[in-house]
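Visitor: I should like to take a close look at a single part of this model. Please treat it in one connected account.

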Amino acid sequence: MARIQQSAQPSDQRSARLMDGTGLARSIVASSAEAAADIRRRTGTSPCLATVLVGEDPASVTYVRMKRARCEKAGITSRHVALPASVGTAELVDTIGALSADPDVHGILLQHPVGPHIDERAAFEAIDPAKDVDGVTMHSFAAMGFGLPGFVSCTPGGIMRLLDAYDVDLTGKHAVVVGRSAILGKPAGLLLLGRDATVTYCHSRTTDLSAIVREADVLLAAVGRPRFIAGADIKPGAVVIDAGYNPGNVGDVDFDAARERASLITPVPGGVGPMTIAVLLAQTVEAAQRQLGLG
Ligand code: NAP
């Protein structure tokens with residue numbers, strides 16, 4: 001498991017240490033590239049990630065392009081399927097079903113959102129759990145909940161790897177997760193619970209959120225609102241994970257103020273963000289290893 005080397009304390013003792021997601025992601029991608037090369041040597045086959053994009057939403061186009069470029073750089077083949085925005089649920093499900101059945105494809109990523117006229121859940125469920133490297137199927141979610149092997153949602157998976165790289169002991173710690181989305185807050189809380197943290201979820205209906213945040217030994221902000229968490233609410237010595245990514249490279253936590261109170265904190269950008277694609281690559285390589293009988 002990748003670990004971050006201990007560095008000297010920052011000269012300003014009151015400042016939290018930064019959690020370097022960029023560096024950790026780089027080392028995970030390098031390990032994935034080595035594993036991909038090993039698979040190629042032993043089987044003559046490259047790991048392959050299929051990306052499925054519905055429509056031409058500019059942000060989605062950019063995300064898919066980035067993911068494919070990182071794959072190619074790591075020696076993971078990418079196969080792209082672009083479908084028109086007008087595609088219906090049945091055709092999308094058939095397309096994903098065909099990729100699930102294709103032995104040359106080891107991982108499948110359906111870029112979402114897919115559009116309001118499509119049954120997104122039905123589309124996700126067409127992904128074979130063995131190829132669910134983005135951790136979006138009910139099977140993957142249940143396996144995570146039961147603590148069984150399976151692929152996790154990439155951003156929460158990246159957050160856990162960051163916490164491990166910095167040797168954050170979660171046992172008995174009060175972890176407060178602000179946000180409960182299916183791809184981020186909810187699975188992250190389950191992963192923290194699985195590591196024996198005492199987890200509290202906060203969301204838009206939570207009353208007196210500040211009071212709960214002030215109790216957090218580990219705080220995960222996953223809201224999507226710039227500087228939503230005030231620095232004054234950070235418990236002294238807390239570990240602060242800011243998954244938020246808002247326009248202008250701004251996170252969900254008031255970084256400058258929070259840094260004065262936290263012990264560890266993720267910067268935005270360069271914290272959680274780079275970890276997501278790194279976990280996607282790592283899980284694609286792992287899927288290929290298992291499907292090719294190497295893992
Ligand atoms: P989302 O689906 O919009 O969910 C936001 C969550 O925040 C919801 O659970 C919502 O509560 C809660 N919330 C909204 N307003 C709130 C308020 N005033 N008080 C308390 N809770 C509130 O967003 P998401 O997909 O989870 O993403 C969250 C952030 O993470 C965004 O900035 C996104 O860009 C970022 N993100 C980053 C990555 C990455 O790779 N780094 C990946 C995914 C997401 P309700 O459930 O009650 O509505």
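At what angle do helix H6 and helix H10 pack, and how far apart are their axes?

Guide: In this predicted model, helix H6 (residues 154–165) packs with helix H10 (residues 273–291) at an angle of about 100 degrees, and their axes are 8 Å apart. An angle of 65 to 115 degrees counts as roughly perpendicular, and H6 and H10 are therefore roughly perpendicular to each other. On the side of H6, the contact is made by Cys 154, Thr 155, Gly 157, Gly 158, Arg 161 and Leu 162. H10 contributes Met 275, Thr 276, Val 279, Leu 280, Ala 282 and Gln 283. Sorted by class, the residues in this contact are 6 nonpolar, 5 polar and 1 charged.

The buried residues in H2 are Ser 60, Val 64, Lys 67 and Cys 71. They cover an arc of only 65 degrees around the axis, which puts them on the same side of H2. An α-helix has 3.6 residues a turn, so residues three or four places apart point the same way. On the other side of H2, by contrast, Pro 58, Arg 65 and Lys 73 are exposed.

The length of H2 (residues 58–73) can be checked as well: at 1.5 Å a residue, its 16 residues should span 22 Å, and the end C-alpha atoms are 23 Å apart, which agrees. Just after H2, Gly 75 adopts a positive phi of about 80 degrees.

Notes: Residues numbered from 1 in each chain as written. Predicted model: local features only at pLDDT ≥ 70, side-chain atom pairs only at ≥ 80, totals over all residues. Heavy atoms only, no water. Axes fitted to C-alpha atoms, helices over the stretch in contact; angles between N-to-C directions. Helix = DSSP H or I, 4+ residues; strand = E, 2+ residues; numbered from the N terminus. Parallel < 35°, antiparallel > 145°, perpendicular 65-115°, else oblique. Contact = heavy atoms within 4.5 Å. Nonpolar A, V, L, I, M, F, W, Y, C, P; charged D, E, K, R; others polar. Expected span 1.5 Å × (residues − 1). Buried < 20%, exposed > 50% of the residue type's maximum accessible area, 1.4 Å probe, protein only. Arc of directions from axis to C-beta.
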